[in-house]
Amino acid sequence: MRKTPLYLQIVDLIRGKILRGEWPVGSKLPTQREMAKQFNVNRSTVITAIEILKSENLLEGKTGSGVYIVNNQWSLLTANSPHNWNDLSEWALYPPSDNIVQKINEMENRKDIIHLSKGELGIDLFPHSEIAQAAEKVSGQLHEFGYGVGLGDINLRIEISKHLLKHGIHASPTSILIVSGALQALKLISVGTLKRGSTVFIENPSYLYSIYLFRAAGMTLKPISINENGLNIEELFQQKIKKSLSALYVNPTFQNPTTTIMSSQNRQLLIEKCQYSQLPIIEDDIYRDLWIDEPAPAPLKTFDKQGQVLYIGSFSKTIAAGLRIGWLVGPEDVIHRLSDLRMQNDYGSSYVSQMLVKELLSSGLYEQHLNRTRTGLKQKRAFLLHLLNQHFRDYATWSIPTGGFFIWVTFHKKINTRILFKQCLSNGVLINPGFIYNDNKPTIRFSFAYPSFDEMEKGISKIKELLITHV
């Protein structure tokens, strides 16, 4: 038998996806270029397959938009219009991310791409030995277990309480809620403590602009600029702050994406002014343990005597993102209310992950890992700074971060970073352009934590080639 032509193989594949509901009515097909790359064929082969499916009334092209699925085999046999899930998604609480953010999320696990902005520890810094030791110890303690309590494992909360005390935060285990990373903490706060219609003041640029948590909960985001000392406190208190209808989200330590750090003096000033204005604070402090040169100033929470600060931490950055273990500290009544809400959503974090983190903390393996990680981060930071000085000094400026994962680079000229992103991706390099954080300047967030030395060198060299060509 002769081999089935490639265009008919593609027709059958697309038909199958439509029939099984993997590509429902209303879905947009990947571009011809993307499909040609996916199937390893010429674009003309893809075009032939699409034209056949159009003739069967399964697909329809929309000028300037793309090709969409308009029917399935069942709908063609009946008089009923097929259900279009996309009609419902237009009214969903969480609108789609910016298409660049979606592309970044899609590409982040590709092994054939150089990841120059990924917010995780690289394989060279991953705590393989510590996790293996902790897992061996924990494996003998894993008896029958169920969902557990909403607050999280009591032994882990005790260890986090001890850990926070090293940073000057007095938090009893009953005022600590275990969460599946900082994102879940923010989601619980947005739907469990804030009123719809509230204003959330946030730093600009800010990581929050690439997600929709507060906006989906009916909040208005109000940007406040940042300077070399972090949040512009004077600008914040020039705003109209409505009692019980306002909150401040702040990332004062190795801020994401700019890596700025708020001084101790400004932290005390911010707390005093927020107490006077009765403005509650959500402090995101997930990078605190990742200092490189010296420990950061004390958290805002250490100055909080009125239960005004909800404090978020996470082991996703310091140990492994896949553990999905973080914490939220606040007044006990608030924590217990959010614990109840959390149980309504997912019945708690993985017990095995909680036991692993507990063992890492109690055994001293966590501190052992951090000491080695800080040395590694210092070496990798120095190498990326060397590459930037070698290749970018005529194009951009940057500051030297004292902790965290990133270097924030600002170009001298008005470079279209959306186009640069696409060009980099086409050349196998993934970057995070500044506009996804609401920065209107031509900026990029580079990571020295995740890529290897070789990947940093290749990635920065490739971007330099693109800059020479297009700037």
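The model is predicted. Its largest nonpolar core has 77 residues, and a second, separate core has 24. Helices α9 and α13 cross at roughly 105°.

**Nonpolar cores**

- Within the largest nonpolar core, which counts 77 residues, Ile-431 and Phe-446 have the most contacts.
- Leaving aside residues up to four places away in sequence, Phe-446 touches Leu-116, Leu-384, Leu-388, Phe-392, Phe-405, Phe-406, Ile-407, Val-409, Ile-431, Ile-460 and Ile-463.
- Ile-431 is therefore a contact of Phe-446 by the criterion of heavy atoms within 4.5 Å.
- The second core is separate and holds 24 residues, including Leu-164, Ile-169, Trp-327 and Val-329.

**Packing of α9 and α13**

- Two packed helices are described by the angle between their axes and the distance between the axes.
- Helix α9 spans residues 182-192 and helix α13 spans residues 332-345; their axes come within 10 Å and cross at roughly 105°.
- This makes α9 roughly perpendicular to α13, because angles of 65 to 115 degrees count as roughly perpendicular.
- On the α9 side the contact is made by Gln-184, Leu-188, Ile-189, Val-191 and Gly-192, and on the α13 side by Arg-337, Leu-338, Leu-341 and Arg-342.
- By type, the residues of this contact are five nonpolar, two polar and two charged.

- Most residues other than glycine have a negative phi, and most peptide bonds are trans.
- Pro-205 sits in the loop between β5 (199-204) and α10 (213-216).
- Pro-257 belongs to the loop between β8 (246-250) and α12 (264-277).

- The loop between α3 (43-55) and β1 (59-62) contains Asn-57.
- With a relative accessible area of 47%, Asn-57 is partly exposed.
- Ser-244 lies in the loop between α11 (233-236) and β8.
- Ser-244 has 46% relative accessibility and so counts as partly exposed.

Note on methods. Residues are numbered from 1 along each chain as its sequence is written. This is a predicted model: local features need pLDDT of at least 70, side-chain atom pairs count only at pLDDT 80 or more; totals for chains, interfaces and linings use all residues. Side-chain values use heavy atoms; hydrogens and water are left out. A nonpolar core is a set of buried Ala, Val, Leu, Ile, Met, Phe, Trp, Tyr and Cys residues joined through side-chain atoms within 4.5 Å. Buried means under 20% relative accessible area, exposed over 50%, partly exposed in between (1.4 Å probe, protein chains only). Axes are lines fitted to C-alpha atoms, for helices over the stretch in contact, and angles run from 0 to 180 degrees between N-to-C directions. Helices (H or I, at least four residues) and strands (E, at least two) are DSSP runs, numbered from the N terminus. Angles under 35 degrees count as roughly parallel, over 145 as roughly antiparallel, 65 to 115 as roughly perpendicular and the rest as oblique. Ala, Val, Leu, Ile, Met, Phe, Trp, Tyr, Cys and Pro count as nonpolar, Asp, Glu, Lys and Arg as charged, and the others, Gly among them, as polar.
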